[in-house]
Amino acid sequence: MSLPSTSFLSPSTASTPPHPLAAYGWDADWAAAFAPYAARGLTPGRVVRVDRGRCDLVVPEGDTVRTVHADTGLVTTGDPQRIMCTGDWAATDLAQGFVRTLLPRRTAFVRSTSSKRSEAQILAANVTHAVIAVSLAVELDLGRVERFLTLAWESGATPLVVLTKADLVDDPVVLGHLLDDTAVVAPGAQVLAVSSATGEGVDVLAAALAGGTAVLLGQSGAGKSTLANAVVGVDVQDVHATRDSDGKGRHTTTTRNLLTMPGGGVLIDTPGLRGVGLWDADGGVARTFAEIDELARGCRFHDCAHTGEPGCAVLAALDSGDLPERRLDSYRKLIRENEWIAARTDARLRAEIRRDWKRKQAVGRHMAERKRGGAR
């Protein structure tokens, strides 16, 4: 039975207890968005798990909350970006057992699927922090870190890079270099070294995430489930050993689960991600490669492709050693991938991109020929 609608509209004050869903991220803005549905006698709830046409939600019950199961058929559409996911807020008809509607998302972590149809997939909704777990049990892959960061910035969440299994790096100097290398490719993002085994850095991470909604992302074997247990404070996720050969393991987490943290806020643990394809991530690329974006503003041409045009500030920084070649190569790769994904979904854009790349290649060849002529 749903509570009186007025209970969802009053913000918490010093004289009134907090809303039962406050620990899950409920605030005055969500209450305002939910007001029309409260008037219809519907109940607010946050999606903690989705599975085959049904979902689990936490809903208020008196001064506390309870978990209910509900049918998602009424909110299922053909649009992959509108499919319900963990972290969504919903208006629920408890009497009928149906989710009636989803509240507009504030943020959404979206990737491209690995299918040939190049569809978008929502991994988590309404998140404030995207925690990128990277295992130090294997060689640090900075390109993959940049890829995750691009998606994180594009989602609207604030990324935070966590180098897990820090206890496996015996030399503190080496660990310091790994942190520095990661910080270089993560401008604007906090970078932490954490060991769930020793507890190193766990308190710092928990403090950074307190009060918000965080999504935990990374490859299988990155130690996400162990990290989730450490942050939440209890063993809520199963943990399996990883292979020594490549640091990978079985997908311990098979669904996206929303877990409450003792310091306030919630954590969404996700299955290990084999593929992390970009999806409409222009802004994310610009934030991840902020120094290249800044250099590009000094290029002679506003549409400079940084492949050989005269007056290219990016190539000048490359020649001077101020910009690492690996960094520029990664930037170019993600730009091309993002354009390719956009072209797959827009035939007109696909033709424009093809013409643009042909023009840029022609400019590059022309400048290379001029350089060779000058050298002679």
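A: Asp-280 is in contact with Glu-154 and Asn-338, leaving aside neighbours within four places in sequence; contact means heavy atoms within 4.5 Å. This is a predicted model, in which local features need pLDDT of at least 70 and side-chain atom pairs count only at pLDDT 80 or more, whereas totals for chains, interfaces and linings use all residues. Residues are numbered from 1 along each chain as its sequence is written, and side-chain values use heavy atoms, with hydrogens and water left out.

Asp-280 belongs to the loop between strand 13 (266-269) and helix 6 (282-288). Helices (H or I, at least four residues) and strands (E, at least two) are DSSP runs, numbered from the N terminus. Asp-280 counts as exposed because its relative accessibility is 54%; exposed means over 50% relative accessible area, buried under 20%, and partly exposed in between, with a 1.4 Å probe and protein chains only. Although Val-110 is 170 residues away from Asp-280 along the chain, 8.9 Å separates their C-alpha atoms.

Helix 6 also holds Thr-288. With a relative accessible area of 1%, Thr-288 is buried. A polar atom of the Thr-288 side chain lies 2.9 Å from the backbone oxygen of Gly-284. Such a polar contact is a pair of N or O atoms within 3.5 Å; within protein, one must be able to donate a hydrogen and the other to accept it, and residues adjacent in sequence count only if both atoms are side-chain atoms. Beyond four places in sequence, the contacts of Thr-288 include Glu-146, Leu-149, Thr-150 and Trp-153, as well as Arg-327.

Glu-146, Leu-149, Thr-150 and Trp-153 are among the buried residues of helix 2, the element to consider next. Eleven of the 14 residues of helix 2 are buried, so this helix is largely enclosed by the rest of the structure. Helix 2 (residues 142-155) should span 20 Å at 1.5 Å a residue, which agrees with the 20 Å between its end C-alpha atoms; the expected span is 1.5 Å times one less than the number of residues. At the start of helix 2, the backbone nitrogen of Gly-143 has a side-chain oxygen of Asp-141 within 3.2 Å. Just after helix 2, Gly-156 has a positive phi of about 100 degrees.

Leu-149 and Val-161 touch the most other members of the largest nonpolar core, which has 46 residues. Helix 2 gives the most to this core, with seven residues. A nonpolar core is a set of buried Ala, Val, Leu, Ile, Met, Phe, Trp, Tyr and Cys residues joined through side-chain atoms within 4.5 Å. Not counting residues up to four places away in sequence, Val-161 touches, among others, Val-145 and Leu-149, together with Ile-132 and Leu-192. Apart from this core lies another, of 19 residues, including Val-131, Leu-205, Ala-222 and Met-261.

Arg-52, not a glycine, has a positive phi of about 50 degrees, and is exposed with a relative accessible area of 83%. Arg-52 is placed in the loop between strand 1 (43-51) and strand 2 (54-61). His-306 likewise has a positive phi, near 60 degrees, but is buried with a relative accessible area of 7%.

Buried residues make up 45% of its 376 residues. The mean pLDDT of the chain is 83, and 77% of the residues reach 70 or more; pLDDT is the predictor's confidence in each residue, from 0 to 100. Where pLDDT is low, the predicted coordinates should not be read in detail.
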